[in-house]
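Have a look at it with me before reading on.

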Amino acid sequence: MDDSANNSFPRVLVDEAFTRAVRCAGGVPVTDLRPDDGALLALHGHGFGGLAGLRAGRRCGGSGRHRRDSLGCDQAANGGRTKAELGRNGRKVDIGTEGQLLVDGVIILFYFVAITAIGLYMGRRQKSLNDFALGGRRVPWWAVMASIIAAETSAATFLGAPGEGYTNKSFAYAQLVLGLIIGRFIVGHVFLKPYFTYKVYTVYDYLGVRFGPWTKGYVSALFLFMRTLASGTRLFIPALVMVLAYRMFVAGGQVQFSQQAVTTVGPYLIAIIALTIVTCLYTAIGGIKAVIWTDVIQACLMFGGALIAIAILLNHIGGLHEVIRAVPQLTTHEGYFLHGFESRVVTQWQERHHLVAMGLWDYVKLILASDYTLFSALIGATLGNMAAFGTDQDMVQRMLTAETHQKARRSLITAAFIDLPIASAFVFIGILLFTYYQKDPTYQPQATADVFGSYILNVMPVGVRGLVLAGIFATAMGSFSAALNALATGATNDWYIRWVRGKSEVHYVQAARWFTVFFAVLMIVIAGGFAYAKVTNPGLRIIPVVLGIAGFILGPMLGVFLIGMFTERRGSDAGNIIAISAGLVATVVVGQLNIVILNAVAPLFGIDGTFQQPGWIPDVSFTWWATIGALTVFCVGVLFRTPDQVLESAARHAEVAPTTEDVPLALRESRAKEVVSMPTT
């Protein structure tokens, strides 16, 4: 009896399906391959698999030349089952595959449990705000160093920094570490000593002593706004990784890693809330000691994950010689270092701006518009890192936990030198990914920022993938916990104690814990709002603006500190308010945030068209924003003289600080007034 009598498919259709599948397996472009061909072959016992199936997958899907036909070819080769249903090796997911995925899941779960337990144990017995915010100023310098490294590396950095190497195919991004080292050297030798002299709890205490309460309040408010918005938005990246990893574990196959891969808000919210609860738990209970000691583990896991990724990539690629072959510029200085005046760069600039010859101002504009040059590394990155590590409570707070300013300086500068191999490692991962995707573009994503994430989820072997995913969550939780603790300390010390005095130490610790919870909830709202915006409008580019908010604010903040550190009698409360406002306007304009805002709100008022930056304002790279903001504030602020009574008050603070109890500055002032007002006997 003919086979067609046993089912509803005519034999001729089966034969045609087989012919198309064989042509696909042989590498012939097949435009008429149908989704049901695999089902036809499976029903009629053709058993199109084995070598033919392997060839079909490699020739039609792996090379990328016939990607439009790869779905049908994969289905035909595997009896109608799609690649996502079959798993990595083109086979139906079985108990063994599920067991392998379970290994990754167990590793990640163990990490979350272990890091929470360590944080709770190390941060026990918090009896005062000094313990909660400063760890009693008894934390070893090497632990502070590891915490600095963990705090400055977020999940966005872990997944995004390789994109710099992937795009530029060069280590030039790492040359910014030169400015990082110089900037931290200046902070270590100029900024830290006054902080320890006055026994500040936040760096903004210093501004209150040096200038007055209005300067302290203004800059502290800017910090709270900046850090809440930036850290809340950064939760998007680890939440995306968690959602896609969960999908992979459940489905047993590959996933597409991209910021548009998740099309509903619900999974994001679940992941965001889960990450926040775990991090907030040990941060609120354990305080800064929990943050620092978990950061030590997380820093090791982060860098270890990067080294493992490099080893796996080199193995997949075939060695360093393959990298050199794919990226020949690694044999020249442009593969490692850019001074900004390379002939290729100058020629492109002349063509873009229709210039016959370059004048002095043209060279200045070229340097300002370039991200990675010798000038941006030595000037822009220097002031940028002075701003981040001298004025941002998120970064400075862990240094204040050291016993002396000398030990804090050792932590800061040592971390700066360690940043060079860390930055180089992540950039090298990007270069290796470029080489890998040249050989096998099967899982190459469209967006550059997704190249590492796609490789982790779809290519890395079992176990290793779990460790690297744990490294991503470690970097996210390290920077997130530091931000929560710094925000809670800033809100409690700079604002709450200022208005609520006369309470016990335990009361202020409880207030700091509740502020930790408050900012955690606020970040969930911010991250959830951003996730909703990305889902409803996938093309919306909010990340560069919101994550770059630090670049708009840290520069003006630095300018105030420069006035205080490098002048003796310049700067006042009123003058600083004017100067900081001018600096904020300057950074917003050069960063073109004003144009972004205008174009966003114009449709709401019925305004058609697109706003553009005036031609007389040069393009300015993000590496220069902090420099411009700081110089603007400094130049305006020094026009005002510090009142004599403020100078006298600062001198008294410096004189009595070494012998007074190490409590928040506001409480010291109130207790001093109580002593003065007590009647003598």
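My entries follow, from the whole chain down to single pairs.

**Ground rules.** I am working from a predicted model, where local features need pLDDT of at least 70, side-chain atom pairs count only at pLDDT 80 or more, and totals for chains, interfaces and linings use all residues. I number residues from 1 along each chain as its sequence is written, and side-chain values use heavy atoms, with hydrogens and water left out.

**Whole chain.** I looked up the secondary structure and found 30 helices and 0 strands. Helices here are DSSP runs of H or I with at least four residues, strands are runs of E with at least two, and both are numbered from the N terminus. Of the 681 residues, 54% count as buried; buried means under 20% relative accessible area, exposed over 50%, and partly exposed in between, with a 1.4 Å probe and protein chains only. I then checked contacts (heavy atoms within 4.5 Å). Among those with a separation of 6 or more, 81% join residues 24 or more positions apart.

**Surface.** The chain exposes about 29,200 Å², and carbon and sulfur atoms supply 64% of that. These areas come from the Shrake-Rupley method with a 1.4 Å probe; for residues, only the protein chains shown count as cover. I noted a nonpolar patch of about 540 Å² made by Leu178, Ile182, Phe341, Tyr363, Phe375, Leu378 and Ile379. Its members have over 30% relative accessible area and no salt bridge, and nonpolar side chains (Val, Leu, Ile, Met, Phe, Trp, Tyr) are joined within 5 Å. Which helix gives the largest share of the patch? H18 does, with 3 residues. Leu378 lies in H18 and counts as partly exposed because its relative accessibility is 38%.

**A covered helix.** I went to H11 (residues 203-210) and found 7 of its 8 residues buried, among them Tyr204, Asp205 and Arg210. Gly212 follows H11 and has a positive phi, near 140°.

**Salt bridges.** My search of the whole structure gave 13 of them, each a side-chain nitrogen of Lys or Arg within 4 Å of a carboxyl oxygen of Asp or Glu.

- Arg137 pairs with Asp662, with the closest N and O atoms 2.6 Å apart. Arg137 sits in the loop between H7 and H8, and Asp662 in the loop between H29 (644-656) and H30 (665-677), so the pair ties together parts 525 residues apart in sequence. Arg137 is buried at 10% relative accessibility, whereas Asp662 is partly exposed at 22%. Leaving aside neighbours within four places in sequence, the contacts of Arg137 include Phe196, Tyr201 and Leu400.
- Arg184 and Asp419 meet at 2.9 Å, N to O. Arg184 lies in H10 and Asp419 in H20 (residues 405-439), so this pair ties together parts 235 residues apart in sequence. Arg184 is buried at 0% relative accessibility, and Asp419 is buried at 8%.
- Asp394 pairs with Arg398, the closest N and O atoms being 3.9 Å apart. Both lie in H19 (residues 393-399), 4 residues apart, about one turn of the helix. An α-helix has 3.6 residues a turn, so residues three or four places apart point the same way. Asp394 is buried at 3% and Arg398 at 1%.

**Last check.** Which residues are linked in a network of salt bridges? I found Arg227, Asp295, Asp392, Asp394 and Arg398 in it.

Methods. Patch = residues over 30% accessible without salt bridge, like charges linked within 9 Å, V, L, I, M, F, W, Y side chains within 5 Å.
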